[in-house]
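Let's walk through this structure one piece at a time. Have a look at the fold before reading on.

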Amino acid sequence: EGLIAPAHTSTMQNRIIKAGKAKLEAGGHIASISYGRVFRNEDVDATHEHTFYQVEGVFVSDKATLGDMLGVLRSFFESYYGQALQIKTQPGYFPFVEPGLEFLIEKPAALGGKPGEWLEMMGCGMIHPNVLKEAGVDPEKYQGFAWGCGVERLVMLKYGIEDLRHFESGKLGFLRKFV
C-alpha cells in the first residue's frame, strides 16, 4: 500500500516542534513525550526483538544544553530503578541529533549488577539544527535535546525478565506475573 513500518519514533519530533512553536516563541519551552510501535530488521534473541514499543522525549528552549539532558536522564533512571547510578555516554550516530550519544548506566544492583558493568539504555543527543529548521524554529536562537528507548527493555531490566521475547509470546503464565 506504499506504507513503510516505522523503525523509530523520531519522526514525531517535527510534529511536536511545529505544534509547540508558538509557546516557544512566547518565552516558554517545548517538552513532550511520544511513543509508538516500531519495527526493526533484527536477529531476534533474548535481548533483541524485531517489534517493540519505543518512547521518545523532546525538549526545546532558548537555553537547553547537553548537561540538562544528561541530568534529566540520570534523574529518570535513578528514580525508576530506585537507586543512585553511575552513568556514561559514548558517541553514537542517530540522524535526528548532533552530537549523538549512547546513554549507558551502571547495571543496577537489583539486577545482579557489579561495579563496572554497563548497560546501553538509549540513544540521545542535541536535536540537529536541520530538524529545528524544518519545523520552522530558528536553530540560532533555540536548541533542544531528544532521546528514545525501548519500553520493554526498561521493564525487562526493572523486573528481572530474562528474555525480551516473552512480551510478544502471548503466554498467559508470563502475563499473570503482572496482575
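**Around helix 2**

Keep in mind that this is a predicted model. Start with helix 2, where Met69, Leu73, Phe77, Tyr80 and Tyr81 are buried. These residues cover an arc of only 85° around the axis, so they sit on the same side of helix 2. What lies over them? The cover of the buried residues of helix 2 includes strand 4 (97-106), strand 5 (118-127), strand 6 (143-150) and helix 4 (151-159).

A quick geometry check on helix 2 itself: with 16 residues (66-81) at 1.5 Å a residue, it should span 22 Å, and the end C-alpha atoms are 23 Å apart, which agrees. Just past the end of helix 2 comes Gly82, with a positive phi of about 70°. For context, most residues other than glycine have a negative phi.

Now for the partner helix. Two packed helices are described by the angle between their axes and the distance between the axes. Here, the axes of helix 2 and helix 4 come within 10 Å and cross at roughly 45°. On the helix 2 side, Phe76, Phe77, Tyr80 and Tyr81 make the contact, and helix 4 brings in Leu154, Val155, Leu157 and Lys158. Sorted by type, the residues of this contact are seven nonpolar, no polar and one charged.

One last stop is strand 4, which holds Pro99. The peptide bond joining Glu98 and Pro99 is cis, with omega at about 0°, whereas most peptide bonds are trans.

Technical notes: Residues are numbered from 1 along each chain as its sequence is written. This is a predicted model: local features need pLDDT of at least 70, side-chain atom pairs count only at pLDDT 80 or more; totals for chains, interfaces and linings use all residues. Side-chain values use heavy atoms; hydrogens and water are left out. Helices (H or I, at least four residues) and strands (E, at least two) are DSSP runs, numbered from the N terminus. The expected span of a helix is 1.5 Å times one less than its number of residues. Buried means under 20% relative accessible area, exposed over 50%, partly exposed in between (1.4 Å probe, protein chains only). The arc is that of the directions from the helix axis to the C-beta atoms. Contact means heavy atoms within 4.5 Å. Axes are lines fitted to C-alpha atoms, for helices over the stretch in contact, and angles run from 0 to 180 degrees between N-to-C directions. Ala, Val, Leu, Ile, Met, Phe, Trp, Tyr, Cys and Pro count as nonpolar, Asp, Glu, Lys and Arg as charged, and the others, Gly among them, as polar.
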